[in-house]
Amino acid sequence: MTKACSWSRELKLCHRDTSPPPPEMAATSQGNFDGKFEALDLAELTKKQPWWRKLFGQESGPSAGKYSVATQLVIGGVTGWCTGFIFQKVGKLAATAVGGGFFLLQLANHTGYIKVDWQRVEKDMKKAKEQLKIRKNKQIPTEVKSKAEEVVSFVKKNVLVTGGFFGGFLLGMAS
């Protein structure tokens with residue numbers, strides 16, 4: 001039924017005639033139409049959008065004004081649980097890989113396949129310890145400070161989502 005549409009920020013203009021548009025109308029570009037059009041309110045159209053459009057729409061800012069308390073807690077809890085569950089599984093896999101590698105190295109050392117120069121290891125460890133002491137005395141980089149301030153600001157603006165995420169994360173780690 002709709003033949004030609006032109007979009008603007010507030011209005012959607014659609015040609016309502018079921019016949020094909022006249023040649024002069026089809027030839028013009030830049031939105032100069034000579035047909036009959038009806039103005040539609042986009043607020044009505046946005047109500048029919050799917051949930052992900054509403055959730056990830058162009059409006060940004062704290063979620064406190066957009067969603068109810070229960071919705072914020074559920075969103076935070078579900079995302080936190082998923083993150084915690086994945087973190088737990090990946091953590092177990094990483095611990096198994098590191099522990100297995102260490103076990104294989106010890107086994108290879110014990111059976112004589114490799115020889116560890118423990119004096120060199122001790123020397124390198126002392127060197128690394130000194131470098132860590134030097135870095136400890138330096139100031140925190142401004143990039144780290146700005147990111148930390150961003151995180152604190154986000155947590156303050158979205159207390160319920162953050163609380164739900166933290167609780168869900170703990171439940172995900174425990175499951």
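User: Hi! Is Glu122 buried, partly exposed or exposed?

Analyst: Glu122 is partly exposed, because its relative accessible area is 47%. The word buried is used under 20% relative accessible area, exposed over 50%, and partly exposed in between, with a 1.4 Å probe and protein chains only. This is a predicted model, in which local features need pLDDT of at least 70, side-chain atom pairs count only at pLDDT 80 or more, and totals for chains, interfaces and linings use all residues. Residues are numbered from 1 along each chain as its sequence is written, and side-chain values use heavy atoms, leaving out hydrogens and water.

User: Thanks! Which residue forms a salt bridge with Glu122?

Analyst: That partner is Lys126, with the closest N and O atoms 3.8 Å apart. To count as a salt bridge, a side-chain nitrogen of Lys or Arg must be within 4 Å of a carboxyl oxygen of Asp or Glu. Lys126 is exposed, because its relative accessible area is 52%.

User: Let's zoom out. What secondary structure does the chain have?

Analyst: It has seven helices and three strands. Along the sequence they come in the pattern β-β-α-β-α-α-α-α-α-α. The chain has 175 residues, and 11% of them count as buried.

User: What about its accessible surface?

Analyst: That comes to about 14900 Å², and 63% of it belongs to carbon and sulfur atoms. Such areas come from the Shrake-Rupley method with a 1.4 Å probe, and for residues only the protein chains shown count as cover.

User: How many residues does helix α4 have?

Analyst: Helix α4 (residues 69-111) has 43 residues. From its first C-alpha to its last it reaches 62 Å, close to the 63 Å expected at 1.5 Å a residue. The expected span is 1.5 Å times one less than the number of residues. After α4 comes Gly112, with a positive phi near 95 degrees.

User: Which residues of α4 are buried?

Analyst: They are Gln72, Gly76, Gly77, Gly80, Gly84, Gln88 and Ala108. These buried residues pack against α7.

User: Tell me about Gln88. What is it in contact with?

Analyst: Leaving aside neighbours within four places in sequence, Gln88 is in contact with Gly172, Met173 and Ser175. Contact means heavy atoms within 4.5 Å. Gln88 counts as buried because its relative accessibility is 12%.

User: And Asn109, what does that one touch?

Analyst: Not counting residues up to four places away in sequence, Asn109 touches Ile114, Lys115, Val116 and Trp118. Asn109 is also in helix α4, and at 24% relative accessibility it counts as partly exposed.

User: New topic: how many aromatic pairs does the structure hold?

Analyst: It holds three aromatic pairs. In one of them, Phe87 and Phe169 have ring centres 5.7 Å apart and planes at 50 degrees, so this pair is tilted. Rings of Phe, Tyr and Trp (its six-membered ring) pair if their centres lie within 6.5 Å; planes under 30 degrees apart are stacked, over 60 edge-to-face, and the rest tilted.

User: Which helices do Phe87 and Phe169 lie in?

Analyst: Phe87 is in α4 and Phe169 in α7, so the pair ties together parts that are 82 residues apart in sequence. Phe169 also pairs with Phe165, stacked at 6.3 Å centre to centre with 20 degrees between the planes. Phe165 and Phe169 are four residues apart in α7, about one turn of the helix. Ring pairs link Phe87, Phe165 and Phe169 into a cluster.

Conventions. Helix = DSSP H or I, 4+ residues; strand = E, 2+ residues; numbered from the N terminus.
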